[in-house]
Amino acid sequence: LFDTSDGSEYVYAYFAGACGPGKVCAIDASVSVQTSFDAAFVDSAGAAKDDYAVGDTLIYLQSSDITSDDLVNTFAGGLLVVTDAGGEGHKYKIRSHKAGGTTETNTIGLELHAPGLALAIASEASAPIIGHPYNHLTIANNGTDDLVRGVTLVDVAAGEYAWIQKKGPGVVLADETVGTIAAGTIGVLSDGVNGAAEPLNIAAINSEDDTALLNFAEPLIGIFQTVAVDTEYVNIMLNIQ
């Protein structure tokens, strides 16, 4: 991470998918995100394990979503979060992991950083995995790759490293099919064009039926600094957390 005097912040990231310049990028969910595993804690042989103890650093999870495509250390630097049952509410940094399916079918072994588990975990616990926030990025696709991380500065191919911008004055593709976007408008990830920013939709609310018109589902990108035209690139004061 480095910043500049104008408030810009940049992070060096690895891309799993291609992303053109001036596009919003996000964690590739198909690579770095595993939704919550339910009752998935097992031993190295794939049998349910009810005695993961405080201090344990090697954890095995089993799910049909785990395949040989989960390459060695794909989730390294990411988080294992216990969301339900014993040990819930705790997060653990992943130090490394073995490839999916190498220990037992659909089983993955996660090595956690010391001091390991803060509370005991039984097999019935649930937990998702979120990979490192700047590893395996791709062009942001609303509804699929919503964990936005920044904006690309150059054309990036899959398998390359590149700097991305998170904050400060930046340039992003604009998406607005009706009219123009006024300066000062809040910008969010487009729900129709991959990697683009669109205005936050604040529609008139005349009844409860109109509540769905409020477009709060997309991640915040920043503030449009100038008038924006559809398909053109525009200055945005980025604020991507």
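Predicted model: local features only at pLDDT ≥ 70, side-chain atom pairs only at ≥ 80, totals over all residues.
A salt bridge here is a side-chain nitrogen of Lys or Arg within 4 Å of a carboxyl oxygen of Asp or Glu. Glu 176 is buried but forms no salt bridge. Its nearest side chain of opposite charge belongs to Lys 23, and that is 18 Å away.

So what does surround this residue? Glu 176 sits in the loop between strand 13 (161–173) and strand 14 (180–181). A polar atom of the Glu 176 side chain lies 3.0 Å from the backbone nitrogen of Val 178. Setting aside neighbours within four places in sequence, Glu 176 is in contact with Ile 181, Pro 199 and Asp 230.

## The salt bridges that do form

How many salt bridges does the structure hold? There are two. In one of them, the side chains of Lys 49 and Asp 51 meet at 2.9 Å, N to O. Lys 49 has a relative accessibility of 21%, so Lys 49 counts as partly exposed.

In another, the side chains of Glu 111 and Arg 95 come together at 3.8 Å, N to O. Glu 111 belongs to strand 9 (residues 107–112) and Arg 95 to strand 8 (residues 91–97), so this pair ties together parts that are 16 residues apart in sequence.

## Exposure of the strand pair

Arg 95 is exposed, at 52% relative accessible area.

Notes:
Residues numbered from 1 in each chain as written. Heavy atoms only, no water. Helix = DSSP H or I, 4+ residues; strand = E, 2+ residues; numbered from the N terminus. Buried < 20%, exposed > 50% of the residue type's maximum accessible area, 1.4 Å probe, protein only. Lys, Arg positive; Asp, Glu negative; His and termini not counted. Polar contact = N/O pair within 3.5 Å; in protein donor to acceptor, adjacent residues only side chain to side chain. Contact = heavy atoms within 4.5 Å.
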